[in-house]
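Visitor: I have a structure open and would like to walk through it with someone. Could you help me read it?

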Amino acid sequence: MKSFDMDILRILPRSLWVTTCNSGSCNGCDIEVVATLGPRYDIERFGMKLVGTPRHADVLIVTGPVTHFMHEKLKRIYHQMPDPKVVVVVGNCGCSGDVFYKSYNLDGPVDNIIPVDVYVHGCAPRPEAVIEGVTKAVLKLEGLGKKPDKKEEAQEAEAMKEAEAAGGVAL
Amino acid sequence: MSTTYTIPVGPVHVGLKEPITAWLELEGERIVNARVRPGAIHRGIEFMARERNPIQVIYLSERICGICSFSHVICFIRAVEDLAQMNVPVRGQYIRSLVLELERVHSHLLWSGVACYTIGFDSAFHLGMQMRERVMDVLELLSGNRVNYGVATFGGVRWDVTPELEKALRGMVRYYRQEFTPFREIVMEDPVAQARMRNVGVLTRDEAVRYSAVGPTARASGLRIDLRKSSPYEAYADFDVEPVVPQDYFGEAHGDVLDRFAVRVLEVYQSLDIIEKILDGLPEGPFVEEANLNKVMASLKKADGTGWGIIEAPRGDDTHIVSLKGGVDNVLWWKVRAPTYANAVSWPIMFRGNELADAPLIINSIDPCISCMERMLVTDEREYRSEVVTRSELVKRSRQKTFELGSLKSKYVPGGGAEQ
């Protein structure tokens, strides 16, 4: 992830656009995500809003254990999102399978299919927990925005040199 | 000669909260035909239940659907109680009815909010969501959870109605009586909202009968059907529950989206009345027959046979059929027929003749719960075609399969079909 132009991230991270994908959940988490948009929890006060297409989104909220049919769809949605992006899994069944174990039609949990950054547990998690999860996504993007330490850079350069000397392929 | 275009909608779509695919054939802006492909979130719940005992399946059945979770639980529990001949104390029955009505309130409020969101009436959506939080608070006070309550158990309920909760419930009923009427007036008397919903997605009375619509979808077409009236369960026999139909309100039933909106909104008032009656008539006594789950499990292990439960869920008739075998811990088989399965069949009828822009509203108008519905799927892999099948088609396919099996047997098994 270090190859991105991190200056953009310093401007962007506090206004995240979120998209959701239901990969086979029972709706419980989805209605809590809708409640998060509602007036009491009001996620828009953090500058976040739900957008209709993954191509505009920074954060992907995935709910549900991934069914066989949704496997490819979820991958496609993930690849349609522009980098840098964060994946938040909402609900126990997306995190670990939970109550849906021993099924013939589930390919999940979600981290079998796409890389996950934040796990929000609960069946279904409260809206506060969803907000906490998404704000952790902000922290992750902010962390990406920091300039890498000079020490680390030096170490990386050394490692590259060593790899080249050893005849390995330098990327 | 006009050209038709096929527009795919879904499976993941901004207008839908759950994955389902629809192909709409368009002539200009008009929808001439529609096909629906369910099965995106089929999780195999009935299959999973076969490796679990009935008490574990309570919590699995709760997760068939997060919105009507309590309906599915009660339905499953009633099916098991039916086959095991278990009693439920009267107080337990009253508390079950209470939670069922609370669930109806929160489901209908959510739906009316989402319907407003679908037509772009965002302020009404926020108003609806704000009101919904009050009933969620009460449910949380009762059970500790906002979505999957875990209230019911075999032979009763797990949580009692405390004086504190009763106070909160009465406060909630007062709040809705005050606040809900403005919401109803804002939406139903708004000329723009009326123009978007009137004569859109029409399902006539005859079509509702022919395509076996259930629940609010059928009532909006003018059918006076309600299981709480025709086949009362739990505490409903003590109250007079009249089916809410739009002809009582508008003078005639159109069977369109506005009628479905009206039926759900008026049912909220009905539920508030029932909640008040339940609180007034709540009998004293135990709320569960046997709290020790080990004893319950021992008695269920002896149970043998098939039982059924059918209730009026917020979306229509929900049916569960369960079979247990004596001496075996696990559920032998379990069949769920969720209301959306019956209602989704009428989608193609509702679509016809409407504009593409109305499609999300029509999909939403039956209050679809896709995760409830996805129990069975018919797919034709060779033609890449799968549809909601009608009964006659199903019978035809069933007969064809028998025929094929018969011909296979005569071909490969010497002696024809004599062997078992």
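Guide: We will go through the contact between the chains, then the helices, and then the sheets. This is a predicted model, in which local features need pLDDT of at least 70 and side-chain atom pairs count only at pLDDT 80 or more, while totals for chains, interfaces and linings use all residues. Residues are numbered from 1 along each chain as its sequence is written, and chains are lettered from A and ligands numbered from 1 in the order in which they are written.

Visitor: Okay, how many residues of chain B are in contact with chain A?

Guide: There are 32 residues of chain B in contact with 31 residues of chain A, where contact means that the C-beta atoms of two residues, placed from the backbone, lie within 7 Å.

Visitor: And which element gives the largest share of that side of chain B?

Guide: That is α5(B), with four residues, although α1 (45-49), α2 (54-62) and α5 (122-143) of chain B each supply at least two. Helices here are DSSP runs of H or I with at least four residues, strands are runs of E with at least two, and both are numbered from the N terminus. By class, the side of chain B that touches chain A has 17 nonpolar, eight polar and seven charged residues; Ala, Val, Leu, Ile, Met, Phe, Trp, Tyr, Cys and Pro count as nonpolar, Asp, Glu, Lys and Arg as charged, and the others, Gly among them, as polar.

Visitor: Staying with α5(B), how does it lie against α6(B)?

Guide: The axes of α5(B) and helix α6 (residues 163-188) of chain B come within 10 Å and cross at roughly 165 degrees. Axes are lines fitted to C-alpha atoms, for helices over the stretch in contact, and angles run from 0 to 180 degrees between N-to-C directions. The two helices, α5(B) and α6(B), are therefore roughly antiparallel to each other, a label for angles over 145 degrees, whereas those under 35 count as roughly parallel, 65 to 115 as roughly perpendicular and the rest as oblique.

Visitor: What residues make that contact?

Guide: Among them are L127(B), M131(B) and V135(B) of α5(B), along with L169(B), M172(B) and F183(B) of α6(B). The contact of α5(B) with α6(B) has 16 nonpolar, one polar and two charged residues.

Visitor: What about α3(B) and α4(B), at what angle do they pack?

Guide: Helix α3 (residues 69-84) and helix α4 (residues 90-118) of chain B pack at about 145 degrees, with their axes 9 Å apart. On the α3(B) side F70(B), S71(B) and I74(B) take part, and they meet R96(B), V99(B), L100(B) and E103(B) in α4(B).

Visitor: Switching to strands, what is the strand order in the chain B sheet?

Guide: The order is β1-β2-β3 in an open sheet of three strands with antiparallel pairing, and two strands pair if DSSP finds at least two bridges between them. The edge strands are β1 (5-9) and β3 (30-37) of chain B. Five bridges link β1(B) with β2 (residues 21-27) of chain B, and P8(B) stands opposite W23(B) in β2(B).

Visitor: And which strands stand at the edges in chain A?

Guide: Chain A has an open sheet of five strands, ordered β2-β1-β3-β4-β5 with parallel pairing. Its edges are β2 (49-50) and β5 (118-120) of chain A, each with a single partner strand, so one side of each is left without a neighbour in the sheet. Strand β1 (residues 17-22) of chain A runs parallel to β2(A), joined to β2(A) by two bridges, and V18(A) has L50(A) as its bridge partner.
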